[in-house]
Amino acid sequence: MRMLRGEAPPEGSGERRARLVWSGRLLVRRLPVLLIVGGVAFGVGTPAGYTAAPFFSAAPLVAAPLFALRGTALTALAAVFGEIWVVLYRGGAAQDHGESATEVAMVLAVALSALGINRLVRSADVRPASLRDVSAAAQRAVLPTPPERLAGLAIAARYVGARAADRSGGDLYAVQETPHGVRLLVGDVRGKGLDAVRTAVIVIGAFREAAEQERTLEAVAGRLERALRREGGRRDGVEQTEGFTTAVLAEIPANGPSVLRVLNRGHPSPLLLTPDGGLRELLPGAPAPPLGLGEMAHRPDRPDETFFPAGALLLFFTDGVTGARDLLGRYYNPSGKLRGCRFPGPDVLVDTVVEDVARHTGGASADDMALLAVQRPMGV
């Protein structure tokens, strides 16, 4: 988790460096597309004696270490077809046919080589992969699969580790039946790796205890706040002063299953999908800081209450979903993707989102993500 959505970044030199690094990375990821576009423009705007092949050859080579196999393959195809199009556009009459064929063959050979390079780069990345596996395994150990049915509600959850080893860990969810109804938690710890997993364990443990004992969601959030402060007091440096966890807590009361209470502490808002294909983003009535930064709050916690109709699906997710980018740097928009869709159950919903995010990014997500879906069946 990098920054709270909608929050202006600090103006320190470290943040400016981070912005420059991110801008540079974004430019590099767009470079294959720019090279192909540049090759087409060069082929159209120059005489037949000049070749655009270097542009088309460079694009898949740049893509190979940056993208997954699918992204590299798409870049390679675009480069080959771009070279062929330029040759056909120039007509061949003004240019030697043998030379044109050689240029196309060269781009094709480079494109195939780029696919091989991509495979070598991915298979040679053993140590980061093993680190990622350790973080992901530890994360799954603290995120047991919830029961498929709980107090008449259908439930499904998924955790997907990040592609990068240093981006795994910290996403969390928990579901619990209590005397006050079914209570749910989805959150994202600041930072990544095993330290974030350790904090996630503390948050989940505090939630399970508080969910049973506290009468209100506000009181549950207060217990989590105190648990994070105690944990921060045991740490040094930035983790002591800036450690926090974005979270959304929800409650479906035992005596009123058509009611839904949501308390959002700086987390992406959950989505409510109705049986007719409608979708509503459950935005908080007023913004609140993440857990661990409660002293910054301008008012006490106050849950938002909404109607939870029979057959409706409730989807929670972490910012690994909304922060997923495609090759052009565009964010994944779950609201736009899911609006108008109908799902038979929560398991199909979470699997659909996971697969759609993978398609959007062209491979594994750059950040880990956790999803939790709850359905109130018809007649409940």
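Below are my numbered notes, moving from the whole chain to single residues.

1. Please keep in mind that this is a predicted model. The protein has eleven helices and eleven strands. Of its 380 residues, 47% count as buried. The accessible surface comes to about 18,100 Å², and carbon and sulfur atoms hold 60% of that area.

2. A word on the contacts. Taking those in the protein with a separation of 6 or more, 73% are between residues 24 or more positions apart.

3. The largest nonpolar core has 47 residues, and Leu184, Leu185, Leu249 and Leu372 are the ones that touch the most other members. Helix α6 (residues 194-213) gives this core its largest share, eight residues. Another core, of 20 residues, lies apart from it and includes Leu271, Leu279, Val354 and Ala373.

4. Leu372 is worth a click. Leaving aside residues up to four places away in sequence, Leu372 touches Ile155, Ala156, Ala157, Tyr173, Ala174, Val175, Leu184, Leu185, Val186, Leu314, Leu315 and Phe316. Two of these partners, Leu184 and Leu185, are also among the residues named above for touching the most other core members.

5. Is Thr245 buried or exposed? Thr245 counts as buried because its relative accessibility is 1%, under the 20% cut-off. Thr245 is found in strand β5, which covers residues 245-252. Beyond residues up to four places away in sequence, its contacts are Asp188, Val189, Thr199, Val203, Leu228, Arg265, Pro290 and Leu291.

6. Pro290 comes up again with Arg190: the two are 100 residues apart in sequence, yet their C-alpha atoms are 9.9 Å apart in space. Arg190 sits in the loop between β4 (181-189) and α6. With 22% relative accessibility, Arg190 counts as partly exposed.

7. On the outside, have a look at Val33, Val37 and Leu328, which form a nonpolar surface patch with about 230 Å² of accessible area together. Leu328 belongs to the loop between α9 (319-322) and α10 (334-338), and at 38% relative accessibility it counts as partly exposed.

8. Finally, the record. An unreviewed UniProt entry places the feature "transmembrane region" at residues 33-55 and 67-89. In the model, the span 67-89 is 91% helix and 0% strand, and its end C-alpha atoms lie 30 Å apart.

Definitions and conventions:
Residues are numbered from 1 along each chain as its sequence is written. This is a predicted model: local features need pLDDT of at least 70, side-chain atom pairs count only at pLDDT 80 or more; totals for chains, interfaces and linings use all residues. Side-chain values use heavy atoms; hydrogens and water are left out. Helices (H or I, at least four residues) and strands (E, at least two) are DSSP runs, numbered from the N terminus. Buried means under 20% relative accessible area, exposed over 50%, partly exposed in between (1.4 Å probe, protein chains only). Contact means heavy atoms within 4.5 Å. Patches are made of residues with over 30% relative accessible area and no salt bridge: like charges are joined within 9 Å, nonpolar side chains (Val, Leu, Ile, Met, Phe, Trp, Tyr) within 5 Å. Accessible areas come from the Shrake-Rupley method with a 1.4 Å probe; for residues, only the protein chains shown count as cover. A salt bridge is a side-chain nitrogen of Lys or Arg within 4 Å of a carboxyl oxygen of Asp or Glu. A nonpolar core is a set of buried Ala, Val, Leu, Ile, Met, Phe, Trp, Tyr and Cys residues joined through side-chain atoms within 4.5 Å. UniProt positions are given in the numbering used here, feature names are shortened, and annotations may be inferred rather than shown by experiment.
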